[in-house]
Amino acid sequence: MGKKVGFIGLGNMGRGMCGNLIKAGNDVTIYDTNPKAMERYAGKAHMAKDTMEVYERSDFIFLSLPNSNIVEAVVEPFIQKGMTGKILVDTSTSYPPSTVKLAARIKESGGGMVDSPMLAGPEESDSGDLLAVVGGAKEDYEKITEFLEQITKTYQYMGESGKGHLMKIAVNYCSLVQAAMFAQVYPVMKKYGLDEEAVYSGLNNEIFDNWVFQFYSKRYVSHDYFCGFSLNNGIKDLSYMKRLFEESNVPAFVLDGALDLARVTMKDQTAEDPLEFAHMGRTMYQLFGFEN
């Protein structure tokens with residue numbers, strides 16, 4: 001039997017990482033607030049009744065959660081009880097200053113924390129082809145590399161606590177702003193006579209051909225906006241970067257435009273119909289009069 005591993009948060013990204021940790025032979029304990037998310041691992045992992053059961057059964061605790069507030073709330077009881085002999089691995093996209101403070105508290109409690117957010121999407125999570133940027137004390141990082149081998153294609157150590165999350169915020173800022181840019185370019189070109197396929201063909205070259213371009217452009221061209229990355233999470237990630245600008249008293253010129261488009265798109269969201277980040281494309285088509 002492999003290492004005693006806990007996994008909390010089995011959403012679009014967490015489910016694949018968790019599945020690959022199970023496939024690697026680890027003794028995995030899982031928890032999610034949605035019981036249906038846990039059902040796929042029935043008979044393959046121990047299904048905990050709450051997060052504290054994950055804590056009790058695990059030496060390495062992985063988190064894949066929506067934001068830093070939730071991460072802090074989940075981890076607080078662990079710190080209160082003591083983290084001696086345990087390492088927390090936060091794969092979420094969390095706010096870097098929050099991570100630095102949390103890591104210091106976990107260290108005082110006797111444990112270690114590694115911030116290891118993931119790049120790419122749900123398909124890469126399922127296939128084990130994620131890219132990880134990692135922060136934390138070097139000795140803690142070295143203790144989790146065997147798990148990174150199991151869930152990623154490649155990983156890069158960025159430095160002390162918070163540096164992984166800082167790099168992830170930079171990556172998401174650049175990629176989400178690109179997504180907003182492409183959401184705007186297709187409808188405005190269509191308005192003036194170049195249809196989506198023609199624009200895609202013209203941009204699909206060595207200058208623009210990257211993962212972000214392909215991932216979002218294909219959705220804007222097909223008008224099928226499901227992408228496995230929620231509008232809520234996109235706004236959250238951009239807002240984290242916005243906070244870094246604000247705390248430095250520097251305007252976030254390009255970022256503000258992307259946030260504005262995302263927030264206009266959010267007006268169409270309902271509890272019954274949560275939107276994807278790629279729905280910004282639909283919003284732009286609507287503004288140009290192409291979609292209801």
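Tutor: The account below begins with the aromatic pairs, then turns to the helices and loops around them, and ends with some other places in the chain.

The model is predicted, with local features requiring pLDDT of at least 70 and side-chain atom pairs pLDDT 80 or more, while totals for chains, interfaces and linings use all residues. Residues are numbered from 1 along each chain as its sequence is written, and side-chain values use heavy atoms, with hydrogens and water left out.

Searching the whole structure gives 17 aromatic pairs (rings of Phe, Tyr or the six-membered ring of Trp with centres within 6.5 Å; planes under 30 degrees apart are stacked, over 60 edge-to-face, and the rest tilted). One of these pairs is made by Tyr200 and Phe213, which are stacked with 5.4 Å from centre to centre and 5° between the planes. This pair joins distant parts of the chain, for Tyr200 belongs to helix H9 (residues 196-203) and Phe213, 13 residues apart from it, to helix H10 (residues 211-222). Helices (H or I, at least four residues) and strands (E, at least two) are DSSP runs, numbered from the N terminus. Both Tyr200 and Phe213 are buried, where buried means under 20% relative accessible area, exposed over 50%, and partly exposed in between, with a 1.4 Å probe and protein chains only.

A stacked pair is also formed by Trp211 and Phe215, with 4.5 Å between the centres and 15° between the planes. Trp211 and Phe215 are separated by about one helical turn, because they are 4 residues apart in helix H10. Trp211 counts as partly exposed because its relative accessibility is 39%, whereas Phe215, with a relative accessible area of 14%, is buried. Trp211 and Phe215 also belong to one aromatic cluster, together with Tyr186, Tyr216, Tyr220, Phe229 and Phe277.

Two packed helices are described by the angle between their axes and the distance between the axes. Helix H8 (residues 163-191) packs against H9 at about 125°, with the axes 9 Å apart (axes are lines fitted to C-alpha atoms, over the stretch in contact for helices, and angles run from 0 to 180 degrees between N-to-C directions). H8 is therefore oblique to H9: under 35 degrees is roughly parallel, over 145 roughly antiparallel, 65 to 115 roughly perpendicular, and the rest oblique. On the side of H8, Phe182, Val185, Tyr186, Met189 and Lys190 meet Glu196, Val199, Tyr200 and Leu203 of H9, contact meaning heavy atoms within 4.5 Å.

Beyond H10 lies a residue with a particular backbone angle. Most residues other than glycine have a negative phi. His223 is not a glycine, yet has a positive phi of about 65°. His223 is placed in the loop between H10 and helix H11 (231-247), and counts as partly exposed because its relative accessible area is 28%. Asn249 likewise has a positive phi, of about 60°, without being a glycine. Asn249 lies in the loop between H11 and helix H12 (253-266), and is exposed because its relative accessibility is 72%.

Some aromatic rings have a charge over them (NZ of Lys or CZ of Arg within 6 Å of the ring centre and within 35 degrees of the ring normal). The charged end of Arg243 is over the ring of Tyr95, at 3.6 Å from the ring centre, and that of Lys86 is over the ring of Tyr55, at 4.7 Å. Tyr95 is also among the residues touched by Ser68, including Ser94, Ser98 and Tyr240, when neighbours within four places in sequence are left aside. Ser68 itself is in helix H4 (residues 68-81) and is buried, with a relative accessible area of 5%.

Finally, helix H1 (residues 14-23) and helix H7 (residues 138-151) pack at about 110°, with axes 8 Å apart, and are therefore roughly perpendicular. Met17, Asn20 and Leu21 of H1 meet Phe147, Gln150 and Ile151 of H7. Leu21 and Phe147 are also among the residues touched by Val5, which is found in strand S1 (residues 4-8) and is buried at 0% relative accessibility.
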